[in-house]
Amino acid sequence: MEPRSSGRRSAPEAASSADADGSKRRYGNRADVPTAGGAAIDAPGGIGADPDRFLAAVAVDGEVLFAGPSMPALIGDDREAIRGSDFLEYVHPNERDEVSDALSAVATERRVTHRIRRANGGYAWVESVVDDDLAPEFGGRVVTGRRIDADRTFPERFREFLEYGTDIVTVVDADGRVRYESPSVEDVLGYEQGSLVGRSPLGYVHPDDRDRITAEFYEALADPDRADALEYRYRTADGDWVWLESRARALPDDAAVGRLVINSRDVSERKRRERRLADRNERLDRFASIVSHDLRNPLSVIRGSIEMARVKDDTEPLERGERATERIEQLVSELLTLARQGSGIDEPTEFSLKGVVRDAWGTAGGERAELVVAADARIRGDRGRLRQAFENLFRNSVEHGSTSSRTKSGDSVEHGSTGSRPRADAAAPLTVVVSATDRGIVVADDGPGIPPEHRQDVFESGFTTRTDGTGYGLDIVREIVDSHGWVIEVVEPGSTVEADPRIADRIPNGARFAIRAPTPATVDDAEPWIEP
């Protein structure tokens with residue numbers, strides 16, 4: 001390395017120094033503009049006017065002595081931060097030695113292609129040319145550069161297509177590092193163009209998809225002609241996930257720009273449609289299965305009751321048929337409800353927990369049961385569907401907690417709901433408590449509770465421990481909660497995890513259902529939430 005010149009002077013001093021011919025260089029108010037060959041090289045209309053070009057004066061040890069006005073646009077730091085820093089720190093480590101050699105006094109090659117780090121963490125490919133002679137104004141060398149990542153990747157006639165195209169075009173090298181990304185990366189993913197250059201795209205793939213995509217990505221690098229279309233989730237600049245569909249194609253062997261060109265498009269909406277269709281087909285399959293199986297028994301009872309009444313001339317068998325008819329009506333009602341449940345909600349509104357709970361209790365509450373709302377909350381969601389969910393939870397509690405069998409542990413595992421009122425021989429009044437918590441909502445009663453062995457099964461379609469149950473009441477509840485993006489589960493009696501400590505002693509120890517939901521502070525305002 002050549003030692004720094006001891007005669008280095010500041011830019012203002014250099015601007016007024018005498019030339020060899022005795023004349024003085026003056027730049028008016030622009031005393032910090034150096035010259036080369038007697039012409040301003042970073043003046044308006046020169047390099048400084050082009051954001052893809054830059055100029056700097058750099059000492060042989062890498063210290064930046066002067067940063068032209070165009071450098072902030074390329075690097076992202078202001079000129080004062082760049083001046084005095086180490087130019088080599090902006091160079092990608094893989095090319096740092098080459099740039100250092102080009103700055104030295106004994107360099108044989110002063111034109112270097114390298115990556116330069118930007119303030120956002122990404123890299124841009126540039127071609128830097130180091131002047132052979134020391135700049136007398138600074139005692140360093142003049143370095144001029146221009147961005148070449150886009151120019152080297154695609155001919156000029158394709159640049160307009162890339163600028164206005166909606167798909168992301170990415171070029172990666174043989175090491176799997178990004179060499180170029182088209183401007184659409186900003187619209188689709190939110191990243192500034194060039195910010196991902198020099199990085200591996202695999203670091204942005206969803207963890208659940210990463211192993212699969214990593215294997216297929218390196219297979220494509222090894223044999224691009226065998227690459228298939230890939231679908232995976234990719235992290236956006238704001239931390240969300242979008243579904244991308246990517247297709248890789250090989251670049252010519254003599255292409256200096258990279259190994260693969262990858263075309264990616266956002267297919268999130270298509271994936272949502274596919275999910276809705278799959279949910280709808282699943283519900284139809286379930287409906288067909290239930291109709292073919294669960295309705296067959298009640299119909300057999302009705303048919304047998306009618307025949308027996310005819311033979312015995314007795315109306316008692318007809319009463320059995322009437323009960324079977326009521327069961328069919330209940331099954332049809334709940335099956336239609338399941339069939340109509342969607343995978344999301346269209347127009348959520350804001351309302352109070354106490355209001356929707358009171359309305360649901362008016363429909364499903366028992367005469368020998370009491371409702372207590374321990375803590376209110378604001379909810380954003382589908383009020384009608386949530387009312388139905390609370391109605392089914394209340395029926396489940398009333399039918400199991402306020403009957404004469406209330407003293408038998410485990411009677412509260414009925415998954416469905418009959419919609420009927422408690423029997424006349426009901427025991428002590430039941431208390432049902434609904435409360436907002438710091439994590440969502442808890443619904444609990446002081447009935448016999450749910451045995452631990454059944455807590456994982458109560459939301460399964462068709463699960464019931466009652467001979468007259470349908471097994472679809474709590475399934476409907478789960479569907480409604482899922483459609484809001486929330487989670488419902490059975491929690492152990494006595495657990496205070498789901499309850500605010502201020503109200504924990506008011507939550508009974510019978511059957512407990514906890515709904516977990518985000519707050520407005522953790523999700524977008526348009527999404528469903530619960531605010532205690």
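Q: How much of the protein chain is made up of buried residues, and what makes a residue buried?
A: Buried residues make up 48% of the 532 residues in the protein chain. Buried means under 20% relative accessible area, exposed means over 50%, and partly exposed lies in between (1.4 Å probe, protein chains only). This is a predicted model, in which local features need pLDDT of at least 70 and side-chain atom pairs count only at pLDDT 80 or more, while totals for chains, interfaces and linings use all residues. Residues are numbered from 1 along each chain as its sequence is written, and side-chain values use heavy atoms, with hydrogens and water left out.

Q: How many helices and strands does the protein chain have, and what counts as one?
A: There are 14 helices and 20 strands. They are DSSP runs numbered from the N terminus: helices are H or I with at least four residues, strands are E with at least two.

Q: Why is the pair F390 and F394 called stacked?
A: Rings of Phe, Tyr and Trp (its six-membered ring) pair if their centres lie within 6.5 Å; planes under 30 degrees apart count as stacked, over 60 as edge-to-face and the rest as tilted. The ring centres of F390 and F394 are 6.1 Å apart and their planes meet at 25°, so the pair is stacked. Both residues lie in helix 13 (residues 383–401), 4 residues apart, about one turn of the helix. F390 is buried, and so is F394.

Q: How do you know that the charged end of R179 sits over the ring of W125?
A: The rule asks for NZ of Lys or CZ of Arg within 6 Å of the ring centre and within 35 degrees of the ring normal. The charged end of R179 is 3.8 Å from the centre of the W125 ring and sits over it. K271 likewise has its charged end over the ring of W243, 4.4 Å from its centre.

Q: Which residues touch the most other members of the largest nonpolar core, and what makes a set of residues a core?
A: A nonpolar core is a set of buried Ala, Val, Leu, Ile, Met, Phe, Trp, Tyr and Cys residues joined through side-chain atoms within 4.5 Å. The largest has 42 residues, and L353, V357, F390, F394, V434, I441 and F513 touch the most other members. A second, separate core of 27 residues includes I168, L230, Y232 and Y234.

Q: Why do strand 13 and strand 15 count as paired?
A: Two strands pair if DSSP finds at least two bridges between them. Strand 13 and strand 15 (residues 378–381) are joined by 4 bridges and run antiparallel. E350 stands opposite R380 in strand 15. Strand 15 and strand 20 also pair in the antiparallel sense, over 3 bridges. Together, 3 strands form an open sheet in the order 13-15-20.
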